Amino acid sequence: MKKYEYCIGVDVAKNTLDYCIMHQAQPLYSGNIQNNLEGFAKLKKSLQAHRVLLDKALFCLENTGVYSSSLLSWLGENNHTV
């Protein structure tokens, strides 16, 4: 079983995503982005700024159908673990 050092929790809404970066069960950073490709790019920059090791990160979000589908596609295209 793979051990994750980071957990990125995402609360999905129609227009926005609230997220929290956790490192070894401790909150590291939280933010809010738009639920679109521009927002996903900002999320990527935030993860880089906080030196998140993406190969040791697990993204957690609820499946909200159409509201989460773009993010799930983006995560998959970038080989992130969900």
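**View 1. The cysteines form zero disulfides.** A disulfide here is a pair of cysteine sulfur atoms within 2.5 Å. C20 is in no disulfide, and the nearest cysteine sulfur, that of C7, is 8.3 Å away. C60 is in no disulfide either; the nearest cysteine sulfur, again that of C7, is 3.5 Å away. C20 has 25% relative accessibility, so C20 counts as partly exposed. C60, at 31%, also counts as partly exposed. Buried means under 20% relative accessible area, exposed means over 50%, and partly exposed lies in between (1.4 Å probe, protein chains only).

This is a predicted model: local features need pLDDT of at least 70, side-chain atom pairs count only at pLDDT 80 or more, and totals for chains, interfaces and linings use all residues. Residues are numbered from 1 along each chain as its sequence is written, and side-chain values use heavy atoms, with hydrogens and water left out.

**View 2. Four strands make an open sheet.** Their order is β3-β2-β1-β4, and the pairing is mixed. Strands β3 (26–34) and β4 (57–61) stand at the edges with a single partner strand each, so one side of each has no neighbour in the sheet. From one strand to the next, the twist averages 20°. Strands (E, at least two residues) and helices (H or I, at least four) are DSSP runs, numbered from the N terminus. Two strands pair if DSSP finds at least two bridges between them.

**View 3. Strands β1 and β4 run parallel.** Five bridges pair β4 with β1 (residues 6–12). In β4, L61 is the bridge partner of V10. Helix α1 (residues 37–49) packs on the sheet and touches β1, β2 (16–23), β3 and β4. The direction of α1 makes about 160° with that of β3. Axes are lines fitted to C-alpha atoms, for helices over the stretch in contact; angles run from 0 to 180 degrees between N-to-C directions.

**View 4. Strands β2 and β3 form a hairpin.** The two strands run antiparallel, joined by eight bridges. H23 stands opposite Q26 in β3. Two residues lie between the strands. Q24, in the turn, has a positive phi of about 50°.

View 5. Where does α2 lie? Helix α2 (residues 66–77) lies across β1, β2 and β4, at about 165° to β4. The helix has 12 residues and spans 17 Å from its first C-alpha to its last, close to the expected 16 Å. That expected span is 1.5 Å times one less than the number of residues. S68, L71, W74 and L75 are buried in α2. They cover an arc of only 120° around the axis, so they sit on the same side of α2. The arc is that of the directions from the helix axis to the C-beta atoms. V66 and E77, on the other side, are exposed. The cover over the buried residues includes β1, β2, α1 and β4.

**View 6. F40 sits in helix α1.** At 0% relative accessibility, F40 counts as buried. Leaving aside neighbours within four places in sequence, F40 is in contact (heavy atoms within 4.5 Å) with L17, I33, Q34, N35, S70, L71 and W74. F40 and W74 are 34 residues apart along the chain, yet 7.7 Å separates their C-alpha atoms.

**View 7. H80 lies in the segment after α2.** N79 follows α2 and has a positive phi, near 60°. Is H80 buried or exposed? H80 counts as buried, at 14% relative accessibility. Neighbours within four places in sequence aside, H80 is in contact with L54, F59, W74 and L75.
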